[in-house]
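Visitor: I would like to go through this structure and ask how each label was decided.
Guide: Go ahead; here it is.

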Amino acid sequence: MMYKLMIVEDEPVIRSGLMQYFDWKELGVETIVEAENGKDGVDTALIELPHLIITDIRMPVMDGLEMIGHLRPKLPDAIFIILTGHSEFEYAQKAIHYGGVHDYLLKPLQYDKSFSVIVECIEKIRKKQLGSLETIESTQNILDSSLILNRMETLSQEDLQLFKKIESYIKKHINQELTLNMVADHFFYNPSYLSRLFKTKLNMNYMTFVSEIRIRYALECLKESKYSINDVSLMCGYKSYKHFVKLFKSISQMTPTEYRKQLRI
């Protein structure tokens with residue numbers, strides 16, 4: 001796993017020194033971005049989405065703690081470290097005590113102590129990412145072992161072909177209304193007979209069948225940051241945003257927003 005670091009410091013010499021102080025590549029940090037004050041830090045962080053943020057406290061325009069206050073709700077998984085001098089030491093400890101800040105680096109830096117803090121933060125980030133990956137994999141496993149797929153395995157070849165054709169038709173028209181009558185008409189079946197087929201062969205109703213297909217498609221669409229959640233709702237055939245979110249959670253065990261947070265989108 002590779003990570004992104006942001007250094008927020010108004011003195012260029014210190015920023016440059018921090019970038020060279022550790023073997024960041026060895027620690028798993030692939031990208032380092034810079035900001036010269038808290039305001040610049042907020043703007044940069046919301047674009048770059050760093051995993052780890054090292055910030056000075058006292059800076060012009062916006063100080064480090066104010067910046068953290070702005071970013072904490074928007075980047076809940078980011079780890080913050082305060083870069084502080086002896087004169088601000090008690091101030092830094094209070095910030096850690098009240099939450100939002102993981103630890104501090106005391107200027108002038110002592111390599112072993114500073115390195116230990118960085119390693120601890122990287123490990124914390126790694127565990128968070130592993131937890132996110134496990135959640136995403138768990139969601140995908142729920143869908144991969146869904147009712148449709150499990151029950152199709154027990155079907156005769158003839159029944160399997162029919163339901164595969166219906167599934168393909170739904171995917172092709174997934175952003176449209178797809179009533180049982182519409183599908184029955186398309187495949188020249190009596191709606192009541194087709195409804196009974198779903199219940200006897202798959203032990204589910206038609207709407208559950210359609211919902212699982214739509215939500216599996218939604219999971220793929222949500223991986224694309226260019227689409228808003230409302231866009232995805234419409235793309236999957238749901239005109240009601242609230243209904244989409246409720247159904248998504250009932251099937252995937254999380255809301256679309258929670259799913260995207262796990263993906264860092």
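Visitor: Where is the place of Pro108?
Guide: Pro108 sits in the loop between β5 (103-106) and α6. Helices (H or I, at least four residues) and strands (E, at least two) are DSSP runs, numbered from the N terminus. This is a predicted model, where local features need pLDDT of at least 70, side-chain atom pairs count only at pLDDT 80 or more, and totals for chains, interfaces and linings use all residues. Residues are numbered from 1 along each chain as its sequence is written, and side-chain values use heavy atoms, with hydrogens and water left out.

Visitor: What is the peptide bond from Lys107 to Pro108, cis or trans?
Guide: That bond is cis, with omega near -5°.

Visitor: Why does Val61 count as exposed?
Guide: Exposed means over 50% relative accessible area, buried under 20%, and partly exposed in between (1.4 Å probe, protein chains only). Val61 has 70% relative accessibility, so it counts as exposed. Val61 lies in the loop between β3 (52-56) and α4 (64-71), and has a positive phi of about 70° although it is not a glycine.

Visitor: What makes Phe188 exposed?
Guide: Its relative accessibility is 79%, and therefore Phe188 counts as exposed. Phe188 is in the loop between α9 and α10; its phi is positive, about 60°, although Phe188 is not a glycine.

Visitor: Why is Tyr111 called partly exposed?
Guide: Because its relative accessibility is 38%, Tyr111 counts as partly exposed. Tyr111 belongs to helix α6 (residues 111-144).

Visitor: Which residues of the largest nonpolar core touch the most other members?
Guide: Ile166 and Phe209 do, out of 23 residues. A nonpolar core is a set of buried Ala, Val, Leu, Ile, Met, Phe, Trp, Tyr and Cys residues joined through side-chain atoms within 4.5 Å. Two or more residues of this core come from each of α8 (157-172), α9 (180-186), α10 (191-202) and α11 (206-221). The largest share, six residues, is from α8.

Visitor: Which residues is Ile166 in contact with, leaving aside neighbours within four places in sequence?
Guide: Ile166 is in contact (heavy atoms within 4.5 Å) with Val183, Phe187, Leu194, Phe198 and Phe209.

Visitor: Which residues are buried in helix α14 (residues 256-263)?
Guide: Pro256, Tyr259 and Arg260 are buried there. They cover an arc of only 95° around the axis, so they are on the same side of α14. The arc is that of the directions from the helix axis to the C-beta atoms.
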